[in-house]
Amino acid sequence: MSPTVHTIAIAGGGILAGLALAGALLWHQQQALRVARYQATHDDVTGLPNRRLFLNRLRAALVDNAPVGVVLLDLDRFKTVNDTLGHDAGNDLLDRVGRLLTSLRTPVEIAARLSGDEFALLVRGDPDEVAAAAHAASLVLTAAPIRVVNGEVTVAASVGYTHTHDPHASPRQLLAEADAAMYHAKRARTGVHGHHPLAPPPSRRSRDRHYH
């Protein structure tokens with residue numbers, strides 16, 4: 001091999017090696033970016049969407065001008081699980097609850113863990129479908145004890161839900177309505193409760209028509 005050809009071969013090998021190294025670095029950067037994006041939008045215990053992603057999906061559903069509902073679930077006496085069985089059992093319970101909620105079928109679009117032992121469902125459907133999804137969520141969690149590390153847990157949950165067909169509704173307002181309904185269910189020990197806004201007062205025309 002002539003010196004020139006040898007030099008070219010070495011240079012070509014160096015270029016290929018450089019391209020391979022650059023490609024590997026780019027791949028690792030892309031993987032790191034995917035991981036960072038996932039961690040920013042998902043809960044690290046259950047793998048479910050977190051509050052940020054849930055609000056984004058709820059906002060998108062409202063923009064679609066479709067009927068949409070929010071269901072909030074809070075595990076009753078969750079602290080007792082941590083205190084008696086340990087935090088590993090508590091995390092295991094959260095994970096298993098998340099799996100049960102993701103097993104719910106359409107019109108449930110996504111299940112999310114918002115914080116602590118609070119979960120949320122995004123439901124696309126009319127008021128009856130949202131109510132049915134809320135009751136289905138309560139049933140799937142309480143139908144049988146859930147096996148976790150160190151034992152079994154009989155789950156009790158308080159569930160609240162709300163519904164709208166207003167594309168200008170605020171996602172945070174819907175969460176607040178479902179949250180108020182959930183705490184009503186907790187106080188009244190009813191299991192499931194829906195947000196039912198007060199009917200607007202009748203207009204003057206309708207009052208006149210009624211009295212005449």
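This is a predicted model: local features need pLDDT of at least 70, side-chain atom pairs count only at pLDDT 80 or more; totals for chains, interfaces and linings use all residues.
By contact I mean heavy atoms within 4.5 Å.

Thr162 sits in strand E6. Leaving out residues up to four places away in sequence, Thr162 touches Val68, Gly69, Val70, Val130, Leu174, Glu177, Ala178 and His195. With one of these, Glu177, there is a polar contact between side chains, at 2.7 Å. Is Thr162 buried or exposed? Its relative accessibility is 2%, and buried means under 20%, so Thr162 counts as buried.

Now the largest pocket. Thr162 is one of its lining residues, and so is Glu177. H5 gives the most, with four residues. By class, the lining has five nonpolar, four polar and two charged residues. The space in this pocket is about 190 Å³.

Next, helix H2, residues 51-63.

At the N-terminal end, Asn50 caps H2, with a side-chain oxygen 3.2 Å from the backbone nitrogen of Arg52. After the helix comes Asn65, which has a positive phi, near 60°.

Which residues of H2 are buried? They are Leu53, Phe54, Leu55, Leu58, Ala61 and Leu62. As a reminder for reading that list, an α-helix has 3.6 residues a turn, so residues three or four places apart point the same way.

Technical notes:
Residues are numbered from 1 along each chain as its sequence is written. Side-chain values use heavy atoms; hydrogens and water are left out. On a 1 Å grid over the protein atoms alone, a cavity is a set of points where a 1.4 Å probe fits but cannot get out, and a pocket is an open set with protein on both sides within 12 Å along at least five of seven lines; lining residues have an atom within 4 Å of a point. Grid points are joined across faces, edges and corners, and a volume is the space filled by probe spheres set on the points. Helices (H or I, at least four residues) and strands (E, at least two) are DSSP runs, numbered from the N terminus. Ala, Val, Leu, Ile, Met, Phe, Trp, Tyr, Cys and Pro count as nonpolar, Asp, Glu, Lys and Arg as charged, and the others, Gly among them, as polar. The expected span of a helix is 1.5 Å times one less than its number of residues. Buried means under 20% relative accessible area, exposed over 50%, partly exposed in between (1.4 Å probe, protein chains only). A polar contact is a pair of N or O atoms within 3.5 Å; within protein, one must be able to donate a hydrogen and the other to accept it, and residues adjacent in sequence count only if both atoms are side-chain atoms.
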